[in-house]
Amino acid sequence: MLPYAIAFLPPAEQARIIEKAISLDTSSESLSSIAKSVTVGSRYRRICASCVQEDLGLLGESYWRRAHLLPMSRTCATHGIELLETDIPVGGSRGTRNFVMPHQAKAARPCPPVAKEIERLVERVGLEALHRSIPQNENWSHVYKLRACELGYGMPSGDVASAALARGMANEFGLDFLVKHGARFSRAATSSWPALLVRPDSAPNVSATRHVFMHAFLRLGVRAPEQVLQTYKRPGKAPRNLSSTDEEATRRFREFQEVWKQSSRRFTVREVLEVLGLAQTYRHHYVEFPSLRAALRVFRYTELAERQIGRRKRVYASSAKRK
Ligand SMILES: [Zn+2]
């Protein structure tokens, strides 16, 4: 997995890490942290049923394919079919110290099919990184910035409207996908990883998977919405229109509920506000968010709420009687 993990580092850094890996210097911390960064997003080893059958016919045994273990892999590039997730963890001692081969593993469930264009692109870029067909580059942030400006995210100052770019990425990938790959970010924050990645002077220490996401998004070519430029064209700080902020926040909150309602995850109100990037603003200006406030009141009674109000009442029913 090493070629994947280091694909986006400057060439000199790549050479240094490869040398370290070859010399088997087990004392080096950086190698294990690199390995760890690759396993985010893939909890269990995946196999392709057709690959396993072919291996068995050809070799009498099967082997684990790196391309199937990439965090974003869901289909076999050779056979074009969905991968199966086994019950064998990717990382940890059980993952590294056992000798179970793919044909001996219990295939637990098929991976969710790749539905969106952006997910197909993520898979493709991930494989390119693994096979070392991503060109070497000293400063990817510079390339990202140029491409983002091409897509209309450039501001008159020459910087990238990074919050708008991050919003575009969040819309395209969806919260579920980002959370699954440990790549979640707050849409509003200007210090989110997408924002840092398009700042050539920031030299962020960002995992290969996040580079893959940025590559895929910029390849997809989603143009900046018109209002991005209009907001930035005004000299000085744009006046904050709170009623539209409330509307926008409520809309995003509904989106959030939509995404998570099928899952078993529960959220506190505070977590919800953090996901929406509103934790600070809402605390100081909650009076100006009537619509979001109403939506949050209803939320407290839903299955999605960590401290569901309806349920609590039942628990305290006996003490209420005593009054
Ligand atoms: Zn296959």
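Trainee: How many helices and strands does the protein have?

Mentor: In this predicted model, the protein has 19 helices and three strands. Of its 323 residues, 31% count as buried.

Trainee: What share of the contacts joins residues at least 24 apart in sequence?

Mentor: Taking contacts between residues at least 6 apart in sequence, 72% of them join residues at least 24 apart.

Trainee: In which order do the strands lie in the sheet?

Mentor: The order is β1-β2-β3, in an open sheet with antiparallel pairing. β1 and β3 are the edge strands, since each of them pairs on one side only. From one strand to the next, the twist averages 40°.

Trainee: Which residues pair as bridge partners between β1 and β2?

Mentor: Begin with the strands themselves: β1 covers residues 44-47, β2 covers residues 84-89, and three bridges join them in the antiparallel sense. Y44 has P89 of β2 as its bridge partner, and R46 has E85 of β2.

Trainee: And which residue of β3 is the bridge partner of E85?

Mentor: The partner of E85 in β3 is R109. β3 spans residues 107-110, runs antiparallel to β2 and is joined to β2 by three bridges.

Trainee: Where do side chains point along a strand?

Mentor: In a regular strand, side chains alternate between the two faces of the sheet.

Trainee: Which residues does K106 touch?

Mentor: Leaving aside residues up to four places away in sequence, K106 touches T86 and D87. The C-alpha atoms of K106 and T86 are 5.6 Å apart in space, while the two residues are 20 apart in sequence.

Trainee: What span should helix α7 have, given its number of residues?

Mentor: Compare an expected span with the distance between the end C-alpha atoms. Helix α7 (residues 117-130) has 14 residues and should span 20 Å at 1.5 Å a residue; its end C-alpha atoms are 20 Å apart, so the two agree.

Trainee: Which residues of α7 are buried, and what covers them?

Mentor: The buried residues are I118, E119, L121, V122, E123, V125, G126, A129 and L130. Their cover includes α1 (2-6), α5 (66-69), α9 (162-173) and α12 (208-220).

Trainee: At what angle do α7 and α12 pack?

Mentor: The angle is about 125°, and the axes are 8 Å apart. That angle makes α7 oblique to α12. On the α7 side the contact is made by E117, I118, L121, V122, V125, G126 and A129; on the α12 side it is made by A208, V212, F213, H215, A216, F217, R219 and L220. The crossing of α7 past α12 is right-handed.

Trainee: At what angle does α8 pack with α12?

Mentor: Helix α8 (residues 140-153) packs with α12 at an angle of about 25°, their axes 10 Å apart. Angles under 35 degrees count as roughly parallel, and α8 and α12 are therefore roughly parallel to each other. Their crossing is left-handed.

Trainee: Which residues meet where α8 and α12 pack?

Mentor: W140, Y144, R147 and A148 of α8 meet H211, M214 and L218 of α12.

Trainee: Which residue just after α7 takes a positive phi?

Mentor: That residue is R132, with a phi of about 55°. R132 lies in the loop between α7 and α8.

Trainee: How many C-beta neighbours does R132 have inside 10 Å?

Mentor: R132 has 13, so R132 counts as partly exposed.

Trainee: Which residues does R132 touch?

Mentor: Not counting residues up to four places away in sequence, R132 touches P3 and A7. R132 and A7 are 125 residues apart along the chain, yet a distance of 6.8 Å separates their C-alpha atoms.

Technical notes. Residues are numbered from 1 along each chain as its sequence is written. This is a predicted model: local features need pLDDT of at least 70, side-chain atom pairs count only at pLDDT 80 or more; totals for chains, interfaces and linings use all residues. Helices (H or I, at least four residues) and strands (E, at least two) are DSSP runs, numbered from the N terminus. A residue is buried if 20 or more other C-beta atoms lie within 10 Å of its own, exposed if 12 or fewer, and partly exposed in between; C-beta atoms are placed from the backbone. Two residues are in contact if their C-beta atoms, placed from the backbone, lie within 7 Å. Two strands pair if DSSP finds at least two bridges between them. The expected span of a helix is 1.5 Å times one less than its number of residues. Axes are lines fitted to C-alpha atoms, for helices over the stretch in contact, and angles run from 0 to 180 degrees between N-to-C directions. Angles under 35 degrees count as roughly parallel, over 145 as roughly antiparallel, 65 to 115 as roughly perpendicular and the rest as oblique. A crossing is left-handed if the near helix is turned anticlockwise from the far one by less than a right angle, and right-handed if clockwise.
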